[in-house]
Amino acid sequence: MADLLAPFIATRGVVILDGALATELERRGADLRDPLWSARLLIERPELIRAVHDSYFAAGADVAITATYQASFEGFERRGIDAAGATTLLQRAVSIATDSRDAFWADPDNHRDRVRPLVAASVGPYGAFLNDGSEYRGEYSLDEDALVAWHQPRFDVLARSGADLLACETIPCASEARALVRCLEVYPELRAWISFSARDASCISSGETFAPIAAEIGGHTQVVAVGINCTAPQHVAALVRAARAVTSTPIVVYPNSGETWDAVAKCWVDTPSSESLVDGARTWHDAGATLIGGCCRTTPDDIRAVAAWAVAAKP
């Protein structure tokens, strides 16, 4: 996997991730008022998911993250979809992203100053299935063993889906990160990044200090990057520096726009960051981040600006 990332670093100095999926789908008219969130469109409008992936590749993203964050066997079961149907939908999400990537790369004009992009299959937290904002609190009733049992079936599908790696994201607590690492170990050739949601500049959402967790999780041989996502941008630089001080593993960051998700009212509140994503990217890269993108409320235009910065900044 180090060899997989190395060409991107050599070309642009960073690995550029895509931006928001769900909020970008909403911006394009999708109704995501559903516990399945963006995964709802795997059933109803897969072509719109494809259009968003297309936009991010065109904007300069090196990695597309699939529409599986909110997808789980239990979540699909609530919609009357059995295990076979859920498996098909998880595989469809990866196929949509890989088809988008392959179509982008089929045009030789897109090879200029680019490396063939990757597809990361999203593994959302248990809290995303609960649909109550738990991924921003880490208040779970399940212990580590139970979290392994809950996550493993989805891992089993995504590990064989054709994705290049997994994106275990918005993880609120150390116990869930450890559970994900245990799921990962079932597939020794599989690689993943693990990124946490954070409450402030030193602690993840559960209140646990980030640095020792970054050292522990980043030290696993199958974890190719450790970091932060879906977190207010103003906290990211300090969190990156804390991780960089304790691990040599690449640091991944893709914060949200600075707004906060109200899980009760089902809406975004607070004020977006006054700093653009590209301004933040400069700071986070200087602090030690290697993989940089955007989460909720960021757009293809944001990623286009980050890609342009990376090209201009490369010596």
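**Helix packing, sheet and cores in a predicted model**

Helices H9 and H10 pack with their axes 11 Å apart and at an angle of about 5 degrees. H9 is therefore roughly parallel to H10, a term used for angles under 35 degrees, while angles over 145 count as roughly antiparallel, 65 to 115 as roughly perpendicular and the rest as oblique. The axes are lines fitted to C-alpha atoms, for helices over the stretch in contact, and angles run from 0 to 180 degrees between N-to-C directions. Helices (H or I, at least four residues) and strands (E, at least two) are DSSP runs, numbered from the N terminus. The structure is a predicted model, in which local features need pLDDT of at least 70 and side-chain atom pairs count only at pLDDT 80 or more, whereas totals for chains, interfaces and linings use all residues. Residues are numbered from 1 along each chain as its sequence is written, and side-chain values use heavy atoms, with hydrogens and water left out.

On the H9 side, Ala174, Ala177, Arg178 and Val181 meet Ile213, Glu216 and Ile217 of H10; contact means heavy atoms within 4.5 Å. H9 spans residues 174-184 and is mostly covered, with eight of its 11 residues buried. Buried means under 20% relative accessible area, exposed means over 50%, and partly exposed lies in between (1.4 Å probe, protein chains only). The buried residues of H9 are Ala174, Glu176, Ala177, Ala179, Leu180, Val181, Cys183 and Leu184.

An open sheet of eight strands, with parallel pairing, has the order E1-E10-E7-E6-E5-E4-E3-E2. Its edge strands are E1 (15-16) and E2 (63-65), each of which pairs on one side only. Two strands pair if DSSP finds at least two bridges between them. Strand E4 is mostly covered, as seven of its seven residues are buried. E3 and E4 run parallel and are joined by four bridges; Ala121 has Leu166 in E4 as its bridge partner. Four bridges also join E4 to E5, again in parallel, and here Cys168 stands opposite Ile194 in E5. Elsewhere in the sheet, strand E7 (residues 251-254) pairs with strand E10 (residues 289-292) in the parallel sense over three bridges, with Ile251 opposite Ala289 in E10. Helix H8 (residues 144-158) lies across strand E3 (118-123) and strand E4 (165-171), and runs at about 165 degrees to E3.

A nonpolar core is a set of buried Ala, Val, Leu, Ile, Met, Phe, Trp, Tyr and Cys residues joined through side-chain atoms within 4.5 Å. The largest nonpolar core has 87 residues, of which Leu25, Phe76, Phe155, Ile194, Phe196 and Ile217 touch the most other members. Apart from this core lies another of 20 residues, including Leu5, Phe8, Ala120 and Val252. When residues up to four places away in sequence are not counted, Leu25 touches Ala30, Leu32, Ser38, Leu41, Leu48, Ile49 and Val52.

Aromatic pairs were also counted. Rings of Phe, Tyr and Trp (its six-membered ring) pair if their centres lie within 6.5 Å; planes under 30 degrees apart count as stacked, over 60 as edge-to-face and the rest as tilted. The count by this rule is seven aromatic pairs. The ring centres of Tyr126 and Phe129 are 6.0 Å apart and the planes are at 40 degrees, so this pair is tilted. Tyr126 and Phe129 are three residues apart in helix H7 (residues 126-130), a separation of about one helical turn. Tyr126 is buried at 9% relative accessibility, and Phe129 is buried with a relative accessible area of 12%. The rings of Phe196 and Phe210 have centres 5.9 Å apart and planes at 65 degrees, so this pair is edge-to-face. The pair links distant parts of the chain, with Phe196 in strand E5 (residues 192-196) and Phe210 in helix H10 (residues 210-218), 14 residues apart. Relative accessibility is 0% for Phe196, which counts as buried, and 1% for Phe210, which also counts as buried.

Ser55 is placed in helix H4 (residues 46-59) and is buried, with a relative accessible area of 19%. Neighbours within four places in sequence left aside, Ser55 is in contact with Arg28 and Pro300. His235 is found in the loop between strand E6 (223-229) and helix H11 (236-244), and is buried with a relative accessible area of 18%. With its neighbours within four places in sequence left aside, His235 is in contact with Arg199, Asp200 and Ala201.
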